[in-house]
Amino acid sequence: MNKPLVGAFLAALLLGAGVAPAVAAEPAGSASEVSAEAAPQTKYTAPDTVPAAKAVTFAGTVALSNCSGSVVRSPDSAPTDPALVLSNGHCMESGFPGPGEVVVDQPSSRTFTLLNASGSGVGTLKASKIAYGTMTDTDLSLYELTSTYQQIEDSYGIQALELETAHPTAGTAITVASGYWKRTYSCDIDGFVHQLKEGRWTWKDSVRYTPECRTIGGTSGSPVIDDATGKVVAVNNTGNESGQECTDNNPCEVDENGEVTVREGINYAQQTYNMVPCIGAGSTIDLTREGCALPKP
């Protein structure tokens, strides 16, 4: 995984972008993570001409103590709803949830540094609970904050990033915006992976990036933003660091026939459209709502 960072010791230990999910890694120079049956595992071939990408900023992203994240909302969220922060399941302060484990409504007082468009920290947001977290089928966490969307906008002039409601398509120009490193990575969606296996975990219908997005540790939990719409289509979570097969920090791709492919140096994200139906009134995560595809406890 694009591992989370936990101080200098873990920074060295968790370098890179694999399942020890995308944990924070060593600093790098400036640069430009589900439905199992959703999309074929085809590789995208870039067209001869590519339209200019829409500028993506850091506004609405956050830095965690060990990972990246973003303040997000569904299209139906109300200004008075408690705001939600999206990150990875492997970035939770309680540690990596095991296969089959789902965390819901767990009290949390975690803090997040809110960034403005240029990447400067403008304030501190505080969680009231981990509303949802898992590393089963996907790798995500949703924190409910003590502030509403309106309060954040009034205090800092920053709006939440909107979650896309539809499955993304191969060839989409995207930007991975890391609040931890205050760094962005620009590339395209190369395709989708039937199953992505890393160590003990298996994720479904994962997004595979084209090679330009060389995410590192600490970028875990970064929003993956559609350049054309500005909406969040996935959450960055891992990458194959050294060419090993299906080991920690070296995820492998498994197709519908069980054939395994290893792509050294390629990074991945988990789609987020499937969690939108799970978000109800007042930012409540309701796993029984129609269309909610997130794993249940």
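**Disulfides of a predicted model**

Counting bonded cysteines along the protein chain, the disulfides (pairs of cysteine sulfur atoms within 2.5 Å) pair as 1-2, 3-4, 5-6, 7-8. The model is predicted, so local features need pLDDT of at least 70 and side-chain atom pairs count only at pLDDT 80 or more, while totals for chains, interfaces and linings use all residues. Residues are numbered from 1 along each chain as its sequence is written, and side-chain values use heavy atoms, with hydrogens and water left out.

Student: Which parts of the chain does the pair of C187 and C213 link?
Tutor: A disulfide joins C187 to C213, with an S to S distance of 2.1 Å. The two cysteines are 26 residues apart, and the pair links distant parts of the chain. Strands here are DSSP runs of E with at least two residues, and helices are runs of H or I with at least four, both numbered from the N terminus. The parts linked are strand β10 (residues 183-198), which holds C187, and, for C213, the loop between β11 (201-209) and β12 (223-226).

Student: Is the link of C187 and C213 left-handed or right-handed?
Tutor: Both C187 and C213 are buried (under 20% relative accessible area; exposed is over 50%, partly exposed in between, with a 1.4 Å probe and protein chains only). The angle about their S-S bond is -100°, and the link is left-handed.

Student: Why does C246 count as partly exposed?
Tutor: C246 forms a disulfide with C252, their sulfur atoms 1.9 Å apart, and this link is right-handed with 95° about the S-S bond. C252 counts as buried because its relative accessibility is 0%. C246 counts as partly exposed because its relative accessibility is 22%.

Student: What percentage of the residues of the protein chain count as buried?
Tutor: The protein chain has two helices and 16 strands. Of its 297 residues, the share that counts as buried is 56%.
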